[in-house]
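Please open the model in your viewer and keep the selection tool at hand. The tour below moves from one selection to the next and says what is to be found at each.

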Amino acid sequence: MIIFQVFILRELALCTPTLFYQSIARFFDSIFKPIRDPKSLVRVQAVAALRAALGIVAQRENQEDSFYKVSMLLFFEIVSMMKNSTDS
């Protein structure tokens, strides 16, 4: 039974990453029990689900980081332009 739940979580992560990301904290709270399961097939599927979830987290964090970097660069460019216009 647990293997099907883990398989569904992995498929949700792969097929609907935006929806899955909204529940990522609950996923991390629950995935470590199947990772320690005595059945190897359950462990393998749990690790596959964890891998898919970590991929989503990495993509989201990279997008957020690049957004903030671009925003800061634009901010400093605007400040520099304003400073140059007041100096003239």
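**Starting from a buried ring**

Select F20, which counts as buried because its relative accessibility is 6%; here buried means under 20% relative accessible area, exposed means over 50%, and partly exposed lies in between, with a 1.4 Å probe and protein chains only. Bear in mind that this is a predicted model, in which local features need pLDDT of at least 70 and side-chain atom pairs count only at pLDDT 80 or more, while totals for chains, interfaces and linings use all residues. Residues are numbered from 1 along each chain as its sequence is written, and side-chain values use heavy atoms, with hydrogens and water left out.

Rings of Phe, Tyr and Trp (its six-membered ring) pair if their centres lie within 6.5 Å, and planes under 30 degrees apart count as stacked, over 60 as edge-to-face and the rest as tilted. The structure holds two aromatic pairs. In one of them, the ring centres of F20 and F27 are 5.1 Å apart with the planes at 65 degrees, so the pair is edge-to-face. F27 and F28 also form an edge-to-face pair, with 5.5 Å from centre to centre and 65 degrees between the planes. F27 is buried at a relative accessible area of 3%, whereas F28, at 24%, is partly exposed.

**Out into the core**

Next, select A53, which touches A13, F20, I24, F27 and F28, not counting residues up to four places away in sequence; contact means heavy atoms within 4.5 Å. The largest nonpolar core has 13 residues, and A53 is among those with the most contacts inside it, as are A13, F20, I24, F27, I31 and A49. Such a core is a set of buried Ala, Val, Leu, Ile, Met, Phe, Trp, Tyr and Cys residues joined through side-chain atoms within 4.5 Å.

**Along α1**

Which residues of α1 are buried? Select I3, V6, R10 and A13 to see them. Seen down the axis of α1, these buried residues fall within an arc of 90 degrees, so they line one face of the helix; the arc is that of the directions from the helix axis to the C-beta atoms. Helices (H or I, at least four residues) are DSSP runs, numbered from the N terminus. On the other side of α1, F4 and C15 are exposed.

Finish at R10, which forms a salt bridge with E11, the closest N and O atoms being 3.0 Å apart; the term requires a side-chain nitrogen of Lys or Arg within 4 Å of a carboxyl oxygen of Asp or Glu.

Notes:
Helix = DSSP H or I, 4+ residues; strand = E, 2+ residues; numbered from the N terminus.
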